[in-house]
Amino acid sequence: MAHLERDDDRGGDEPGALSAREERAWNAFFEMQVHFWRQMAQQLQRETGLSEPDLAILTALLNAPGGRLRAYQLSGVTQFEKSRLHHHLTRMAGRGLITREACADTPRGTEIVLTPEGRRAIAAALPRRVAHIRRWLIEPLGEDELEAITRASARILANLRANAPETAYPRPGSSC
């Protein structure tokens, strides 16, 4: 990783320079995220045959009324741009996890619908995901550390959302 550190532990007042303390925090956070998500994705794929985006989409559909959402609503779940999401949904449909159906209210609209096979896949995957989260996130931390990471994550997420364009975090609306 690029060296972003200042020579001392003072705040990073210089543009492009982090203090030694800030760099240690950044490096620990970055490396933890990379390893955590790589481990989560590899285990999920090995144990269930689902990718992280598959899981995110199936979970969103499972939680949606009637197991159906518009593609634009799913783009907020995956953070995929339109073309990549379309291709991913096509692959999922080919595996029988979802279908595309015309919207009753909007003639040109399409809903993504969870199939019985998709329900079975997500039902089998969720207990594995819970076990992974416990093993790699919850169990290594004490009660105080777990509370601290929860507070820090919520604060960082609130800051990101407050400073992001409105389209970065779409809110689900009506089905069609």
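A salt bridge is taken here as a side-chain nitrogen of Lys or Arg within 4 Å of a carboxyl oxygen of Asp or Glu, and the structure holds seven of them. The model is a predicted one, in which local features need pLDDT of at least 70 and side-chain atom pairs count only at pLDDT 80 or more, while totals for chains, interfaces and linings use all residues. Residues are numbered from 1 along each chain as its sequence is written, and side-chain values use heavy atoms, with hydrogens and water left out.

**Whole chain**

Six helices and three strands are present; helices (H or I, at least four residues) and strands (E, at least two) are DSSP runs, numbered from the N terminus. Followed from the N terminus, the order of elements is α-α-β-α-α-β-β-α-α.

Next, display the surface. The protein exposes about 11,600 Å², of which carbon and sulfur atoms supply 55%; accessible areas come from the Shrake-Rupley method with a 1.4 Å probe, and for residues only the protein chains shown count as cover. Of the 176 residues, 26% are buried. Buried means under 20% relative accessible area, exposed means over 50%, and partly exposed lies in between (1.4 Å probe, protein chains only). With contact defined as heavy atoms within 4.5 Å, 49% of the contacts between residues at least 6 apart in sequence join residues at least 24 apart.

**The nonpolar core**

Select Leu-58, Leu-74 and Leu-89. Within the largest nonpolar core, which has 21 residues, these three touch the most other members. A nonpolar core is a set of buried Ala, Val, Leu, Ile, Met, Phe, Trp, Tyr and Cys residues joined through side-chain atoms within 4.5 Å. Two or more residues of this core come from each of α2 (52–63), α4 (82–94), β3 (110–114) and α5 (116–138). Helix α2 gives the largest share, five residues.

Now centre the view on Leu-58. Apart from neighbours within four places in sequence, Leu-58 is in contact with Leu-50, Met-92, Leu-97, Ile-98, Leu-114, Gly-118, Ala-121 and Ile-122.

**Charged pairs**

Side chains of opposite charge can pair when their charged atoms come close.

Select Arg-129, which is in helix α5. Is this residue buried or exposed? Arg-129 has a relative accessible area of 9% and is therefore buried. Arg-129 forms a salt bridge with Glu-52, with the closest N and O atoms 2.5 Å apart. Because Arg-129 lies in helix α5 and Glu-52 in helix α2, the pair ties together parts that are 77 residues apart in sequence. Glu-52 is buried, as is Arg-129. Beyond residues up to four places away in sequence, Arg-129 touches Trp-37, Met-40, Leu-44, Glu-52 and Leu-55.

Step back to Arg-128, whose side chain meets that of Glu-47 in a salt bridge (2.6 Å, N to O). This pair links distant parts of the chain, with Glu-47 in helix α1 and Arg-128 in helix α5, 81 residues apart. Glu-47 is partly exposed at 35% relative accessibility, and Arg-128 is partly exposed at 34%.

Then select Glu-147 and Arg-151, a salt bridge whose closest N and O atoms are 3.9 Å apart. The two are four residues apart in helix α6 (residues 143–162), and so are separated by about one helical turn. Glu-147 is partly exposed, at 42% relative accessible area, whereas Arg-151 is exposed, at 52%.

Arg-68, Glu-101 and Glu-111 are the next selection: a network of salt bridges links them.

**A surface patch**

Finish with Trp-26, Phe-29, Phe-30, Met-32 and Val-34, which form a nonpolar patch on the surface with about 420 Å² of accessible area together. Patches are made of residues with over 30% relative accessible area and no salt bridge, with like charges joined within 9 Å and nonpolar side chains (Val, Leu, Ile, Met, Phe, Trp, Tyr) within 5 Å. Phe-29 is located in helix α1 (residues 20–48) and is partly exposed, with a relative accessible area of 40%.
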